[in-house]
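Trainee: I would like to learn how to read a model such as this one. Please take me through it one feature at a time.

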Amino acid sequence: LGELEGSPYGGAPAGGAVLARVAVVAAWRGRGVGSALAGRLSAAAGTADWPVATMVPDHDPRFRAFAAQRGFQPVEHSEMYELDLDTRPGRPAAPEGMRFWSLPEDAAGGQWQAAYQAFLACCLDTPDLHGEPVPFAQWRRLIYPPASIIAVLDDVAVACTFAVPDGQHAWRVAMTGTAPALRRRGFGLAVKVALEDLAQRHGIRYLRTNTR
């Protein structure tokens, strides 16, 4: 908490607010640990006069109640959607000439940088980022390499999607984007379909997302 003002954002958080996520080890839940953490974080952000935002799953009333008890006001609701990959419907073929690649678990520095540049090119103007680039070091900590798809057309990254584990048999889509000048051509759908295929190869049954 003491490092908020020395954050990778250079003292000013992306989007003008501190994005807070509180997590507690299972055996310690229900003991006030999460409340204490949330209070300390809010106090530290308040000292710097920064607003605090959080994202909680709409499908679980416990998370909503935790946020409401701490004075958070809902500004947007987003339902959680789940796809059973064992029963998914037919999918269209990828656009001609498109190829896909994923970050290997032992990705080298150049592969990480290529994925990061694809992320910036495709996701920077999405509502979550408000046009503020996430610093590379912070972005890398959010990425789970096996669950990544970057779509390339004519040697240019045109779309990407990244997911994270969500239980033993599920991945949750964390971010998806298409290069702004290339939208409405099916590229975003193509990376989603490629992610479905990838998830099945990893023994994943469910994909979850909170975007329609």
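Mentor: Start with the contacts along the chain. Among contacts between residues at least 6 apart in sequence, 65% join residues at least 24 apart. Keep in mind throughout that this is a predicted model.

Trainee: How many helices and strands does the protein chain have, and in what pattern do they follow along the sequence?

Mentor: There are five helices and eight strands. Read along the sequence, the pattern is β-α-β-α-β-β-α-α-β-β-β-α-β.

Trainee: What percentage of the residues is buried?

Mentor: Of the 212 residues in the protein chain, 34% are buried. The accessible surface comes to about 12900 Å², and carbon and sulfur atoms account for 53% of that surface.

Trainee: How do I read a sheet, and what is the strand order here?

Mentor: Strands of a sheet pair through backbone hydrogen bonds, in either a parallel or an antiparallel way. In this model, six strands form an open sheet in the order S3-S8-S7-S6-S5-S4, and the pairing is mixed.

Trainee: Which strands stand at the edges?

Mentor: Strands S3 (81-84) and S4 (99-101) do. Each has a single partner strand, so one side of each is left without a neighbour in the sheet. From one strand to the next, the twist averages 25 degrees.

Trainee: Do S7 and S8 run parallel or antiparallel, and how many bridges join them?

Mentor: Strand S7 (residues 170-178) and strand S8 (residues 206-209) run parallel, joined by three bridges. Within this region, tryptophan 171 stands opposite leucine 207 in S8.

Trainee: Which helix packs on the sheet and touches S3, S4, S5, S6, S7 and S8?

Mentor: That is helix H5 (residues 187-201), whose direction makes about 155 degrees with that of S7. Another helix to look at is H3 (residues 109-123), which lies across S4, S5 (148-153), S6 (156-165) and S7. The direction of H3 is at about 105 degrees to S6.

Trainee: Now the cysteines. How many disulfides are there?

Mentor: The test is distance: a disulfide needs two cysteine sulfur atoms within 2.5 Å. By this rule there are zero disulfides. For cysteine 122, the nearest cysteine sulfur is that of cysteine 160, 4.4 Å away.

Trainee: How many salt bridges does the structure hold?

Mentor: A salt bridge is also read from a distance, with a side-chain nitrogen of Lys or Arg within 4 Å of a carboxyl oxygen of Asp or Glu. The structure holds eight salt bridges. In one of them, arginine 208 pairs with glutamate 82, and the closest N and O atoms are 2.7 Å apart. Arginine 208 is in strand S8 and glutamate 82 in strand S3, so the pair ties together parts that are 126 residues apart in sequence. Both are partly exposed, arginine 208 at 22% and glutamate 82 at 49%.

Trainee: Where do arginine 88 and aspartate 197 lie?

Mentor: The side chains of arginine 88 and aspartate 197 meet in a salt bridge, at 2.5 Å from N to O. Arginine 88 is in the loop between S3 and S4 and aspartate 197 in helix H5, so this pair links parts that are 109 residues apart in sequence. Arginine 88 is partly exposed at 22% relative accessibility, and aspartate 197 is partly exposed at 29%.

Trainee: What about aspartate 125: which residue is its salt-bridge partner?

Mentor: The partner is arginine 183, with the closest N and O atoms 2.8 Å apart. Aspartate 125 lies in the loop between H3 and helix H4 (136-142) and arginine 183 in the loop between S7 and H5, so parts that are 58 residues apart in sequence are tied together. Elsewhere, salt bridges that share partners join Arg88, Arg91, Glu196 and Asp197 into one network.

Definitions and conventions. Residues numbered from 1 in each chain as written. Predicted model: local features only at pLDDT ≥ 70, side-chain atom pairs only at ≥ 80, totals over all residues. Heavy atoms only, no water. Pairing = 2+ DSSP bridges. Helix = DSSP H or I, 4+ residues; strand = E, 2+ residues; numbered from the N terminus. Axes fitted to C-alpha atoms, helices over the stretch in contact; angles between N-to-C directions. Contact = heavy atoms within 4.5 Å. Buried < 20%, exposed > 50% of the residue type's maximum accessible area, 1.4 Å probe, protein only. Areas by Shrake-Rupley, 256 points an atom, 1.4 Å probe, with all protein chains shown as cover.
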